[in-house]
Amino acid sequence: MYRLCWIPTGWNTPESHRGIPHFSKFDTLEALKKTMSKCIYNGEWVEDENGNKVEIDLRKICFS
């Protein structure tokens with residue numbers, strides 16, 4: 001299991017949720033890469049199930 005993590009800061013994020021890390025779970029890195037290939041990179045990072053950061057260059061994977 002992998003987690004795609006981000007910190008919401010946008011204008012449409014409620015004040016109480018700004019700055020609090022959020023995440024979305026993925027079963028495999030391939031599933032995460034497939035999803036992110038359709039997204040624009042915005043400072044996200046990847047962690048494993050133990051909370052360890054996974055070294056992966058999302059900028060190269062994301063849609064540009």
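What follows is a chat about the labels and their cut-offs.

Modeller: Ground rules: this is a predicted model, where local features need pLDDT of at least 70, side-chain atom pairs count only at pLDDT 80 or more, and totals for chains, interfaces and linings use all residues. Residues are numbered from 1 along each chain as its sequence is written, and side-chain values use heavy atoms, with hydrogens and water left out.

Biologist: What makes up the protein chain, in helices and strands?

Modeller: Two helices and four strands, running β-β-α-β-β-α from the N terminus. Both kinds are DSSP runs numbered from the N terminus: helices are H or I with at least four residues, strands are E with at least two.

Biologist: How do you know which strands pair in the sheet?

Modeller: Two strands pair if DSSP finds at least two bridges between them. β1 and β3 have four bridges, antiparallel, and β3 (residues 45–48) and β4 have two, also in the antiparallel sense. The open sheet has the order β2-β1-β3-β4.

Biologist: Which residues stand opposite E47?

Modeller: K53 in β4 stands opposite E47, and R3 stands opposite E47 too. Also in β4, V54 is the bridge partner of V46. The hairpin of β3 and β4 has four residues between the strands, and G51 there takes a positive phi near 85°.

Biologist: Why is L32 called buried?

Modeller: Buried means under 20% relative accessible area, exposed means over 50%, and partly exposed is in between (1.4 Å probe, protein chains only). L32 has 0% relative accessibility, so L32 counts as buried. L4 has a relative accessible area of 7%, so L4 is buried as well. Of the 64 residues in the protein chain, 23% count as buried.

Biologist: What makes a group of residues a nonpolar core?

Modeller: The members are buried Ala, Val, Leu, Ile, Met, Phe, Trp, Tyr and Cys residues, joined through side-chain atoms within 4.5 Å. The largest one here has eight: L4, F26, L32, M36, V46, V54, L58 and C62. In soluble globular proteins, nonpolar side chains tend to be buried together.

Biologist: What is L32 in contact with, leaving aside neighbours within four places in sequence?

Modeller: Y2, R3, L4, F26, V46 and L58, where contact means heavy atoms within 4.5 Å. L32 belongs to helix α1. That helix (residues 29–36) lies across β1 (2–6), β2 and β3, at about 35° to β1; the axes are lines fitted to C-alpha atoms, for helices over the stretch in contact, and angles run from 0 to 180 degrees between N-to-C directions.

Biologist: How far apart are L4 and V46 in sequence and in space?

Modeller: They are 42 residues apart in sequence, yet 4.7 Å apart in space, C-alpha to C-alpha. V46 is also among the residues that L4 touches.

Biologist: How do you know that R3 lies over the face of F23?

Modeller: A charge sits over a ring if NZ of Lys or CZ of Arg is within 6 Å of the ring centre and within 35 degrees of the ring normal. R3 is at 5.2 Å from the ring centre of F23, and lies over its face.

Biologist: And how many aromatic pairs does the search find?

Modeller: Zero in the whole structure. A pair needs rings of Phe, Tyr or Trp (its six-membered ring) with centres within 6.5 Å; planes under 30 degrees apart count as stacked, over 60 as edge-to-face and the rest as tilted.
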